There are 2 protein chains.
Amino acid sequence: MAFMQTDTFTLRGYECDAFGRMSVTALMNQMQESANRNAIDYGIGISDLAQRGFGWMLMRFHLRMHQYPRYGQTIRLTTYPTLVEKYFIYRDFQVLSEDGTLLADAASTWLVFGMEKRAMVPLPDFIRQLTPPTILEPLPKLSTKPDFSTTSFSPDTEKLVEVGWLSIDQNHHVNNVAYVGWLLEAVPDTLLQTQELAELDLVFRTESHWRDQLNIQSVAETTETLLHRIIQQESGKEVLLAQSRWR
Amino acid sequence: MAFMQTDTFTLRGYECDAFGRMSVTALMNQMQESANRNAIDYGIGISDLAQRGFGWMLMRFHLRMHQYPRYGQTIRLTTYPTLVEKYFIYRDFQVLSEDGTLLADAASTWLVFGMEKRAMVPLPDFIRQLTPPTILEPLPKLSTKPDFSTTSFSPDTEKLVEVGWLSIDQNHHVNNVAYVGWLLEAVPDTLLQTQELAELDLVFRTESHWRDQLNIQSVAETTETLLHRIIQQESGKEVLLAQSRWR
């Protein structure tokens, strides 16, 4: 059976930024929450996987903000899997206003790792067999290696962050959305004050843990776009690569 | 007329910590949200005050966690004013589980400042005239200067934090709850891993702004309690004084 998850959220004050626009981190947290609920309906929730010795890992996430929801507004968030392959499962998100205007959407790619070796495995059968809904046109399939992820750069800005307790999720890893918070905090002040994020494209490379030191780097790519990189200071490992577009 | 605000929240994954317990910052954000809604019913919401050239400032907050709500649980949060005086208005919070168990409660004290001089003023008449509900017994009235706020200490730990964009609210000040996040992040690792916060008592002294450098200090007071202080690095001003109890 195919399941689509729809949740309705009324925006709380602390989910909005200094201009009363919904914060991108609050939106991504709600997307993650709805995805978890949808996965539970399919029998592939976090605990369904954990019982069998597996875990989910987010590999790609591409968010487009068409129009920012504002404080007090009610939004309708829908998510569902769009495609299952040998190694990857794809999931889309749609955010609509009460009158049906498309406010934001996102495409994402997920993989499964075996807990023992902490390495990627082919999707287990109970995941491969699932039936995605076919009502809606899927967003374009995300490339596993987008151009920005192979472009090397020397950063304009670098900022060291220590992973704190409040950024750790129930898997004892850094919550995916916490990286986005750090990345946005490292953007030049004038961008934050005079523009808004229109698009954010993310490649997650490895997990990180409590008290890790992370180096948050960014560079202006064009007049509209920035490139971002988060590196584990000690190991030098890349944790996240990203491209953002501003308007 | 007297108004009590009751909101029902089902705990989302990102509102919980690594152990699946509701995070104190998520709870305080929800308390703040419910308080805003209750204030609007009384005609003393943020924008009612702003129109008349006033603003709210939280001065005292005393939180007691009796039993932590957990991921997926539904909680019922009630808040209402308990007493209005010349300079201060008092507000209580209660958090109940679905079966009516008291999970947490909090007492708080608020004052009003004039926007022009940014100084405390006597409560304007439209606030002084309000009628608090009388159904519930108020929590003990908070002292304006609790003992811990006049105890000087040399810190065990100090941590410098820069106020980021995501910590700024629609008043362009640091959100009150952001301070609690920084304070908790600066607590020794073993406390976070092996104990839980039972009580948190806060004295807010001054506001701070985007890009301020804050020095987060703490010291063990007894085997059960810590003292905390947040200082504006440049001006040396005290922003927040606090005492926490752990179990």
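Modeller: H1(B) and H4(B) run roughly antiparallel to each other (over 145 degrees; under 35 would be roughly parallel, 65 to 115 roughly perpendicular, the rest oblique). The model is predicted: local features need pLDDT of at least 70 and side-chain atom pairs 80 or more, while totals for chains, interfaces and linings use all residues. Residues are numbered from 1 along each chain as written, chains are lettered from A and ligands numbered from 1 in written order, and side-chain values use heavy atoms, without hydrogens or water.

Biologist: What is the angle between H1(B) and H4(B), and how far apart are their axes?

Modeller: Helix H1 (residues 24–41) and helix H4 (residues 176–185) of chain B pack at about 170°, with axes 9 Å apart. Helices are DSSP runs of H or I, at least four residues, numbered from the N terminus. Axes are fitted to C-alpha atoms over the stretch in contact, and angles run from 0 to 180 degrees between N-to-C directions.

Biologist: Which residues make the contact?

Modeller: From H1(B), Val24(B), Thr25(B), Met28(B), Asn29(B) and Gln32(B); from H4(B), Asn176(B), Val177(B), Val180(B), Gly181(B) and Leu184(B). Contact means heavy atoms within 4.5 Å.

Biologist: How many of those are nonpolar, polar or charged?

Modeller: There are 5 nonpolar, 5 polar and no charged. Ala, Val, Leu, Ile, Met, Phe, Trp, Tyr, Cys and Pro count as nonpolar, Asp, Glu, Lys and Arg as charged, and the others, including Gly, as polar.

Biologist: Chain A next. At what angle do H1 and H4 pack there?

Modeller: About 170°, with the axes of H1(A) and H4(A) 9 Å apart. That makes H1(A) roughly antiparallel to H4(A).

Biologist: What domains does chain A have?

Modeller: The assignment, automatic or from a database, gives domain 1 (1–141) and domain 2 (145–247). Their C-alpha centres lie 20 Å apart, and 22 residues of domain 1 are in contact with 26 of domain 2.

Biologist: How much area do they bury?

Modeller: About 1900 Å² between them, 51% of it on carbon and sulfur atoms. Buried area is the accessible area (1.4 Å probe) that two parts lose on being put together, summed over both.

Biologist: Which three residues of domain 1 supply more than any other three?

Modeller: Met28(A), Arg60(A) and Tyr68(A), with 23% of the area that domain 1 of chain A buries against domain 2.

How values were computed. Helices (H or I, at least four residues) and strands (E, at least two) are DSSP runs, numbered from the N terminus.
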